[in-house]
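Me: Hi! Could you walk me through some helix packing in this one?
Reply: Happy to, let's have a look.

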Amino acid sequence: MHWLSWMLPPGASTFAGKIDFIYYVILTITGVAFFLVEGALVVFLVKYRARAGRKAEYIHGSTRAEITWTSVTAVTVVVLGVMSVPVWNLVKGRNSVPADAMPLAIQAQQFEWHVTYPGKDGQLGTADDFELRNQLHVVVNRPTVVMLTSIDVIHSFFVPAWRLKQDAVPGLHIRVWFQPTEVGEFELGCAELCGLGHYRMRAQVTVHTQEDYDRWLAEQSQNVAIR
Amino acid sequence: MATTAATVDQLSHAGHVDTRSFLRKYIFSTDHKTIGIQFLIMSLVFLALGGTLAMMMRWQLGFPGRPIPGGSVLPETMAPGGVLLPEFYNSLVTMHGTFMVFFAIMPLLVGVFGNFLIPLKIGAPDMAFPRINMASFWVAASAGIIMLAGFLVEGGAAGAGWTSYAPLSETAEYSGVSLGQQLWCVSLIVLGLSSILGALNYITTVINMRAPGMTWFRLPLSIWALFITAILVLLAIPILSGAVIMLLFDQTIGTHFFQPAAGGQVLLWQHLFWFFGHPEVYILILPAMGMASDIIANGSRKPIFGYESMVFAIIGIGFLGWVVWGHHMFQSGMNPTLGQTFMISTLFIAVPSAIKVFNWLGTMWRGTLHFHVPMMHAVAFVAMFVIGGLSGVFMASTPFDIYIHDTYFIVAHIHYVLFGGSLFALFASITYWYPKMFGRMMSPFWGKVHFWLTLVFYNCVFFPMHQLGLHGHMRRIYDPTQYDFLKPLQPLNEFISIAAFLLFASQAIFALNFILSWFFGAKAEANPWKDNALEWTVSSPPPHGNFPETPTVYRGPYEYSSPEVSEDYLPQNKRLPTDRAPAPQPAGH
Amino acid sequence: MKHLMLSAIVVSLAAFGSRAAPVAQGGSVTGTVKFTGTPPANPKVDMSEEAACKGKYTSDPVVMVTNGSLANVLIYVKSGLPAGGKYAVPSAPVTIDQEGCLYHPRTLAVMVGQQLAIHNSDAVLHNIKVVPKKNRGFNISQPTKGMTTSKTFTTEEMDIPVQCNVHSWMHANLNVFSHPFFAVSGADGSFSIKGLPPGKYEIEAWHEKLGTKTMTVTVPATGSATANFSFSAAAR
């Protein structure tokens, strides 16, 4: 990665493309504003520096200028807002979770992620459920919905590659959904200060093909995690 | 004659022999100028302490697990063998933020300049309530001592972030910190009292004690900003106090406000804290904007461009600041629909800030720019604030905030507005009003050296944090190398840390300039910057009681390069043949 | 004659108001703790996501039986000591070690005021969270290998949980006594409590999962009384 780069790292979920697009739009707009404003500033510093015989112009303002720059700024922010609404609804909207999403339950706690899998029957809350520590296994191109909670303090479920983040709050059960688009290994980190082990509250994320996942699931049938 | 003038003259001690004892003059003083200087000393000490804590954090981030040079002085409970423990790192994060927000920037802007400038710039002999003013300082100093005490108790200082989210902050079992968190709460309750007393004073003084002719629209923008800020303080601080009292009760007497198992609500803390917290960040920038305006007009020898717009922008920011708090909570688990509404209000608050930036540019346009040290810092303030403001647009968009919330992108934004913004404006303001406070000039040469070193190193530290955030680098993590996706960023962390050490070291120049100029600086005349405002019409420093005679004001403070006079400045109280006496003011105005 | 001398010493020491040492040549209680039947299966532990520890231990040795002998049983004097007796605090600490991401020992006891030395033999972060009901608790970290932190306790208390949150399977049980008459059975099930003044005592054996057993013994002036305990697979 080039240190001064404003490019985002590669995304690996259906959300990434949409979220990254908004980013690049904002980057363009703010980038243009940055160069215009800072550029004007530098030009003024040079052009209007005090020199012998130079007098400042006795101007108090310009209503037209005020109206212009106020409207341009206001219109720009409205556009950004309008663009952002549908993407926010898609990711966080209560009604946006696909009906066929594979269910998982994640209990965040100091300082581990306990992931409960539905087992072969695909249903949570049945006898074939099993729990793993710090391992999240999902299937590529399949929507997955996590029921997220915490048993002690606030943590935050953050998978940078998926552009996904949701605080895990004690007393709340929050549904988080996503659809991975790339097979591979990724990382899940905690993004809310949760105590002395916060920096190390990490889980391994594995995105499988369907066949791979089925094979892995069969291997897990004897798995009983300690509590 | 106006009632106000008579009242002001009765209060004025100027011209009489000052019979106060040393204790009454310098320690338990009711003179707003002395109180302002007391706040200045206290705040600069906390600024230095807050910076020191940050240096320890940056050492650990740049060189994880390596012993800090000289770290063996730290006790085993903090850094055995000089290597920071994770819980001590969390305390450093917490106390750095707490010191800087509550005991450095806020008192510097509000306690120092609110106190020092308001009576002088409105033509009053002192504040409306001088003894309450004195109490406000000593209460703040007590709060500072309580906050420092956290480092000395078992379990260490508070470690749940300056935002102190529950349940971590209220459960010693989870945080490992018991008394330290309680002291944090007590300190803020005490500090809150100080702030409220100060705010009452400022608001009353500005409304009631303006000199004849000092109408609202002839007030300097620094005063407008301090006035609106004082209203924000008066309304917001009690919310913090209430929230912190609830937290303290949960910690000590068995209430369950924020504990879900017993019927409490975890998110309630965040709503209360940020309902205070967002107005707080405008408290932390508005006075800086106001003072920068005064300095930029002076350095440009030109009236402020769009004075009325600037006033309405200050009021607009003050008002809109109340309805954006949820943007700190987009990912918190609150109803996502609230995210939409807060996004809209947050995007709108960009508008008045942008208006101010354009008006500062407009002020410099076609001016004749004199780059004295305050002007250099004020221009840098504008340049850095633009970056901070623009970075805010990214996080205002709720979907992009999903990615950058709680990453270093946010840390970059905070520091561009608070350091690049407020602190540069403070360097400008301290240098500018130093002659009025101490009767001496700070060294311009060392001021310029300090300025350039700070500007360069500051950007080396904080600009790359945008990149860290864009790569997903989380906040408040003790050792980034625990994550594979962060390991490639480690050289950037190292670079930032080294730049931070150089930045911190450069501040020694400012500290020395400040201290040595007090005793050895060139003696200051009454108006070294050729400014129009009222404080520059009296000696440096002004006498106790400020004005030998109550001034009368005929114009605003930005009449630079006026065609009516040959000099390029025209003081507010200078009567020209064409000026009429101000209308008699009814009692109470 | 010997008894008179001993009594004289004890009385004069008591007269000075200083603490009495466990009687140098006092009696002791020794014995073995056995387990009858098939030991219950211990819970499996999944350390696969902890690179520094994975592979060494695959189960949590809650019930540790070797050739019919039961380890990690806490044996202590429950009653029979003179009221208000004061005992010297041993200067040597009791050590608890974190190794392979497990606590060793998992059952331990200290005296009030005696140092508990917490040691980290793993090259990985552990936190030690101790949540007593009567003593002051703490939650501290040990991020590096070789660190030792010492803590003391002020009040008698049984079954204080000791826990790591980074590795949530790690548990230990800490007990604090106001006297030094306790021991924990080793791998061979044996234990020995020394220095007891002669008398009749109620001795209790406690296991974190298998419950408690009590017996009464009479300790002679010198020599030892035997207390053998036997547990079986009934949960507590």
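Me: Which residues in α3(B) meet α18(B)?
Reply: This is a predicted model, and in it the α3(B) side includes I37(B), L40(B), I41(B), L44(B), A48(B), M55(B) and W59(B). Among their partners in α18(B) are I496(B), A500(B), F501(B), F504(B), F510(B), F514(B) and W518(B).

Me: And how does that contact of α3(B) with α18(B) split by class?
Reply: The contact has 15 nonpolar residues, six polar and two charged.

Me: At what angle do α3(B) and α18(B) pack?
Reply: About 160°, with the axes 9 Å apart. Angles over 145 degrees count as roughly antiparallel, so that is what α3(B) is relative to α18(B). The crossing of the two is left-handed.

Me: Switching to α13(B) and α16(B): parallel or antiparallel?
Reply: Roughly parallel. Their axes cross at roughly 15° and come within 9 Å. The crossing of α13(B) with α16(B) is left-handed.

Me: What touches what there, between α13(B) and α16(B)?
Reply: From α13(B) you have V373(B), M376(B), H377(B), A380(B) and M384(B). They meet a set in α16(B) that includes P444(B), F451(B), W452(B), L455(B) and Y458(B). By class, the contact of α13(B) with α16(B) has nine nonpolar residues, four polar and one charged.

Me: Now chain A. How many residues does α1(A) have?
Reply: Helix α1(A) has 34, residues 14-47. From first C-alpha to last it reaches 50 Å, close to the 50 Å expected at 1.5 Å a residue.

Me: What does the side chain of S13(A) reach at the start of α1(A)?
Reply: A side-chain oxygen of S13(A) comes within 3.1 Å of the backbone nitrogen of F15(A).

How values were computed
Residues are numbered from 1 along each chain as its sequence is written. Chains are lettered from A and ligands numbered from 1 in the order in which they are written. This is a predicted model: local features need pLDDT of at least 70, side-chain atom pairs count only at pLDDT 80 or more; totals for chains, interfaces and linings use all residues. Side-chain values use heavy atoms; hydrogens and water are left out. Axes are lines fitted to C-alpha atoms, for helices over the stretch in contact, and angles run from 0 to 180 degrees between N-to-C directions. Helices (H or I, at least four residues) and strands (E, at least two) are DSSP runs, numbered from the N terminus. Angles under 35 degrees count as roughly parallel, over 145 as roughly antiparallel, 65 to 115 as roughly perpendicular and the rest as oblique. A crossing is left-handed if the near helix is turned anticlockwise from the far one by less than a right angle, and right-handed if clockwise. Contact means heavy atoms within 4.5 Å. Ala, Val, Leu, Ile, Met, Phe, Trp, Tyr, Cys and Pro count as nonpolar, Asp, Glu, Lys and Arg as charged, and the others, Gly among them, as polar. The expected span of a helix is 1.5 Å times one less than its number of residues. A polar contact is a pair of N or O atoms within 3.5 Å; within protein, one must be able to donate a hydrogen and the other to accept it, and residues adjacent in sequence count only if both atoms are side-chain atoms.
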